[in-house]
Amino acid sequence: APSMGIEGAAWGVVAGSILYALVAWASAIHRRLIPARTLERDPEAGRALRMMLPRMLGLGATQLALTAMTALASGLPAGSVAAFATAQILLQLPLGLFGVPIGIVMLPSMAREVALGNVGEYRRMLTAGLRALLVVMVGIAAVGIATAVPMVEVLFPSTMAEGSAGTVAEALRFLLVGLPAHALIAVLARACYARSDTRMPVIWAIVAVAIDIVLGVILSGPFGLAGLGAAIAVGAWTEAAGLLVALRRDAGLVLREVLGPLPAILVAAAAGAG
């Protein structure tokens with residue numbers, strides 16, 4: 001980056017992606033997964049690809065929401081797009097450290113229990129994972145909201161020099177309200193995948209995108225970046241609630257067991273924020 005500027009950062013992303021692919025390829029070879037059988041000889045591979053299509057649509061919907069929010073931010077005062085992007089990066093940090101990894105690790109175990117017919121064990125694992133995420137993510141969100149300005153200034157010193165730390169922190173606070181929901185979605189979606197259901201997560205992802213865009217248009221005018229952050233948070237909680245209800249109906253998930261500790265978690269999180 002010092003010698004090439006923004007292009008240097010882009011080349012770093014390309015190099016990292018290539019290395020990531022090489023590591024995955026080497027791992028697959030080590031586990032004798034390559035060379036794989038062709039689709040004609042392995043009908044299960046074709047089934048997996050067909051199930052993958054809804055997942056692709058869901059990812060596209062997420063990118064659509066991000067693009068729409070960035071477009072709305074571009075209509076706000078100068079520097080809003082950069083401030084919104086920085087707030088999004090900070091939101092993704094705890095998700096990348098806790099939310100998504102827990103979902104990835106739980107997926108094969110949940111799928112195994114479903115395949116073996118151990119629905120009770122599947123529900124137990126899912127409940128334990130969701131409760132653990134609530135403990136961690138509600139706490140991180142509360143402390144992040146309380147320390148948003150110094151956190152932005154420490155991690156992105158340029159915002160202090162530019163005087164934009166307060167703007168980034170304002171957007172971040174509202175984005176963090178939705179942090180626990182984003183983490184729950186990472187596990188709930190994979191709980192659906194474990195049951196070979198790739199459609200339900202897409203349906204609720206599209207609903208969330210619609211909410212994001214509509215509320216973003218309504219709130220960005222009077223509230224600026226805070227309105228965009230609030231719109232994304234509402235969309236995330238709607239998506240998480242929809243998936244929770246769907247899994248209660250289809251897999252017998254007991255919401256009382258998942259949400260029972262929430263009052264105690266909120267009290268502890270408020271103490272931590274204080």
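Student: What should I know before I start?

Tutor: The model is predicted, so local features need pLDDT of at least 70 and side-chain atom pairs count only at pLDDT 80 or more, while totals for chains, interfaces and linings use all residues. Residues are numbered from 1 along each chain as its sequence is written, and side-chain values use heavy atoms, with hydrogens and water left out.

Student: How many helices and strands are there in the protein chain?

Tutor: Helices (H or I, at least four residues) and strands (E, at least two) are DSSP runs, numbered from the N terminus. Here the protein chain has 12 helices and zero strands. The radius of gyration is 20 Å, close to the 19 Å from the globule rule for 274 residues, so the chain is as compact as a globular protein of that length. That radius is taken over C-alpha atoms, and the rule is 2.2 Å times the number of residues to the power 0.38. Along the principal axes, the C-alpha atoms fill a box of roughly 60 × 50 × 30 Å.

Student: What share of the residues in the protein chain is buried?

Tutor: A residue is buried under 20% relative accessible area, exposed over 50%, and partly exposed in between (1.4 Å probe, protein chains only). By that rule, buried residues make up 38% of the 274 in the chain. The accessible surface comes to about 14900 Å², and 70% of that belongs to carbon and sulfur atoms. Such areas come from the Shrake-Rupley method with a 1.4 Å probe; for residues, only the protein chains shown count as cover.

Student: Which residues touch the most other members of the largest nonpolar core?

Tutor: A nonpolar core is a set of buried Ala, Val, Leu, Ile, Met, Phe, Trp, Tyr and Cys residues joined through side-chain atoms within 4.5 Å. The largest one here has 57 residues, and Met110, Tyr122, Leu126, Leu130, Leu225, Leu247 and Leu253 touch the most other members. Helix H10 (residues 225-251) gives the most to this core, with 11 residues. Contact means heavy atoms within 4.5 Å. Leaving aside neighbours within four places in sequence, Leu247 is in contact with residues including Tyr122, Leu126, Leu188 and Leu253.

Student: Which residues form a nonpolar patch on the surface?

Tutor: Patches are made of residues with over 30% relative accessible area and no salt bridge; like charges are joined within 9 Å, and nonpolar side chains (Val, Leu, Ile, Met, Phe, Trp, Tyr) within 5 Å. In this model, Met4, Trp11, Val14, Ile18, Leu19 and Leu22 form such a patch, with about 630 Å² of accessible area together. Val14 is found in helix H1 (residues 6-30) and is partly exposed, at 39% relative accessible area.

Student: How many salt bridges does the structure hold?

Tutor: A salt bridge is a side-chain nitrogen of Lys or Arg within 4 Å of a carboxyl oxygen of Asp or Glu. The structure holds three. In one, Arg124 pairs with Glu121, and the closest N and O atoms are 2.7 Å apart. These two residues are separated by about one helical turn, because they are three residues apart in helix H4 (residues 119-146). Another joins Arg112 and Glu113 (3.4 Å, N to O). Arg112 is partly exposed at 44% relative accessibility, whereas Glu113 is buried at 9%. Asp250 and Arg249 also meet in a salt bridge (2.9 Å, N to O). Asp250 is partly exposed at 34%, and Arg249 is exposed at 57%.

Student: Where do Leu72 and Gly224 stand, in sequence and in space?

Tutor: They are 152 residues apart in sequence and 9.2 Å apart in space, C-alpha to C-alpha. Leu72 lies in helix H2 (residues 43-74). Beyond its neighbours within four places in sequence, Leu72 is in contact with Ile213, Gly216, Val217, Ser220 and Leu228. In the chain overall, residues 24 or more positions apart account for 77% of the contacts with a separation of 6 or more.

Student: Is Asp212 buried or exposed?

Tutor: Asp212 counts as buried, at 8% relative accessibility. Its place is in helix H9 (residues 199-223). Leaving aside neighbours within four places in sequence, Asp212 is in contact with Ala65, Met69, Ala231, Ile232 and Gly235.
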